[in-house]
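The entries follow the order in which I looked things up.

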Amino acid sequence: MNPMLNIAIRAARKAGNIIAKGYEQAPQDMEVARKGTNDYVTEIDKAAEAAIIEVIRKSYPDHVIIGEESGLLEGENSSVQWVIDPLDGTTNFVKRLPHFCVSIAIRENNRTTVGVVYDPIRNELFTAVRGEGAKLNEFRLRVDASRRDLAGTVLATGFPFKNPKHRPAHLNMLEGLMNNGVADFRRTGSAALDLAYVAANRVDGFFEI
């Protein structure tokens, strides 16, 4: 196994354990802060990110880390960057809707080479290494290569909740796509899982402003 993938998986699972435990606690006991319009962060986001950083730093202390909550953490080896979102789908988590994940990507010389998306509630681990395809819990994923048009497709999307000015354009796109044969849409609240679901053929595509 790719050594950095191995560390990314370890970090994602450690963060996932923190998130799963946090999900079980009473909502009124949760510390929730507003980062911006319709944008929230919880103590669990921060704890999960700290756990990921700790695992990465133990094996790769000189790598750069870019965290959703921590921002840029410099390292001596700037050619390798770890890009982490400790809890993609925070609003779902706060609302106790069981659909969210840990997302970790590794970039080497400005190319994404490794990706890990972990859903701690379903215990689904999506992994990918550049040139080696993608897997779900060690089973290889294959996209339906026969699909060439929009007819009958189910597309995932995300509404521009942080930028209301984009709503009219997004709604126009929805109508345009439906007029071109799209059967239905899914809006799940986690873009990272949506993209993993494209790889797993659970949805046919994903788009977002």
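**Aromatic pairs**

I looked up Trp 82 and found it buried, with a relative accessible area of 0% (buried is under 20%, exposed over 50%, partly exposed in between, with a 1.4 Å probe and protein chains only). The model is predicted, so local features need pLDDT of at least 70 and side-chain atom pairs pLDDT 80 or more, while totals for chains, interfaces and linings use all residues. Residues are numbered from 1 along each chain as its sequence is written, and side-chain values use heavy atoms, without hydrogens and water.

I searched the whole structure for aromatic pairs and got six. Rings of Phe, Tyr and Trp (its six-membered ring) pair if their centres lie within 6.5 Å; planes under 30 degrees apart are stacked, over 60 edge-to-face, and the rest tilted. Tyr 60 and Trp 82 have ring centres 5.9 Å apart and planes at 35 degrees, so I noted this pair as tilted. Tyr 60 sits in the loop between α2 (43-59) and β3 (63-67), and Trp 82 in strand β5 (residues 77-88), 22 residues apart. I took helices (H or I, at least four residues) and strands (E, at least two) as DSSP runs, numbered from the N terminus. Tyr 60 is buried at a relative accessible area of 17%.

I then noted Phe 126 and Tyr 197, a tilted pair with 6.1 Å centre to centre and 50 degrees between the planes. Phe 126 is in strand β8 and Tyr 197 in helix α5, so this pair ties together parts 71 residues apart in sequence. Phe 126 is buried at 4%, and Tyr 197 counts as buried at 10%. I also found Tyr 23, Phe 93 and Phe 100 linked into a cluster by ring pairs.

**Second largest pocket**

I read off about 310 Å³ for the second largest pocket. A pocket is an open set of points on a 1 Å grid over the protein atoms alone where a 1.4 Å probe fits, with protein on both sides within 12 Å along at least five of seven lines; lining residues have an atom within 4 Å of a point. The volume is the space filled by probe spheres set on the points, which are joined across faces, edges and corners.

The lining has 21 residues, with Gly 115, Val 116, Val 117, Ala 128 and Ala 196 nearest the centre. Strand β7 gives the largest share of the lining, six residues.

**Thr 113**

I placed Thr 113 in strand β7 (residues 111-119). Thr 113 is buried, at 15% relative accessible area.
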